[in-house]
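Please keep the sequence and the model side by side while reading.

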Amino acid sequence: TSGLAAPARAASPADVAAWWKALTPEEQRRIVATHPEWIANRDGVAFWARDEANRHLLPTETRRLQHDVDALQAERTRLLRDYAQMGGHGSAQDALVADRLNDVDRRLGDAQRRLDAAQAIARVIRDPDRHLVLMDFSGRDARAAVAVGDLDAADHVAVATDGLATEVHKSLGGKVDDMQRLQSAAQRELLIAGRRSETVATVAWLGYEAPQWRDTLDAHRSVASNYEADIGGAALANFYRGINASRDVDPHLVGLGHSYGSVVESKALQESGTGVDDVVILGSAGIGVANARALDVPAGHAYLLEARRDGTADFGRFGGDASDVPGLVHLSTGDSAEGGAVTGHSSYFTDGSTSMHNITQVVVGERSRVIRGDDGAGWDRFRKAAGDGFRAGAAPLL
């Protein structure tokens, strides 16, 4: 890589894309092989290169994470031995060792989750049609994104962001499976529509540290806070910008935000220049805007799905119930000629459902084929009829 240098850390996705495209194919290949860390997570770099770079780095990262776990386990063993030798009589020194032990236990838990995440990533990307386009173990929790299909060439790209309790080590496999089913459904729909030359790629984007139940009492990291959504929204906006900047032809780009992920999605789309053409909000606890016009998508291209018995969607924690936001197109999640009903908070990507039908139509740009409806709005109507004194946050699971 003599004579080559990585772009500045503060470089925009457009600037990174310009740097990458100015390299010869030989130079690009040399960077992938010798400096994968330069490009593995850089928005604006072609996704084939990000995938290869991350795959190159994964074994080394896994070994490093295993070393971290082993070192913390050894430290924990030493502290337990010291504590036992002191006799545990409540001395100041006992308390100091106990505090150190608690700290090691916390750090060991974090380190073990990062290691588990690396191992989960390795399992998920065994399928050759899955591509590792983001992998980061530098924070407390791992971050990752896996694409299904060719992000560098697909005509339609859908990026899904999830919410509370989503973790790479526990959730990545299921989220990628959802995206695999969505990609397959979208490709089938294109065939039915006589558009067989068009292709679809989908992305399970776990690119932020989602709130966890263990953080309930943490003012910043709790699901009741905007803190993680602000950070995640900025990262997601750059991921979107990187998709368009890295390509010569912009795809039809669709954002999918579920639960707290809809808050992240809203934060991203309140920034300009994301290039997102359509957004689908699923089971949202509120998107924090007074009107869908605040989102960086064309008018009429922001959609809402709310299933019956989805109590989270009635909570309205972030700026009120999303069902009340003007400008969102309400889509059905009930029984229809195109599929069955879904209920609850985690069923929106169910195969053969009206919900999946609607998501698929948005992804392939068949807007005239969506089925409108407010199947999950029974509580909303009751709340509005009861008057302003009735808070959405008190909603039962209807």
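The side chain of His252 makes a polar contact with that of Asp278, at 2.7 Å. Such a contact is a pair of N or O atoms within 3.5 Å; within protein, one must be able to donate a hydrogen and the other to accept it, and residues adjacent in sequence count only if both atoms are side-chain atoms. This is a predicted model: local features need pLDDT of at least 70, side-chain atom pairs count only at pLDDT 80 or more, and totals for chains, interfaces and linings use all residues. Residues are numbered from 1 along each chain as its sequence is written, and side-chain values use heavy atoms, without hydrogens and water.

His252 counts as buried because its relative accessibility is 16% (buried is under 20% relative accessible area, exposed over 50%, partly exposed in between; 1.4 Å probe, protein chains only). His252 lies in strand β5. Helices (H or I, at least four residues) and strands (E, at least two) are DSSP runs, numbered from the N terminus.

| Element | Residues |
|---|---|
| Strand β5 | 252-258 |
| Strand β3 | 156-161 |
| Helix α8 | 354-364 |

β3 and β5 pair in the parallel sense over 6 bridges; pairing takes at least two DSSP bridges between two strands. Val157 stands opposite Leu253 of β5.

What about helix α8: how many of its residues are buried? The count is 11 of 11. Val363 is one of them. After α8 comes Gly365, with a positive phi near 80 degrees.
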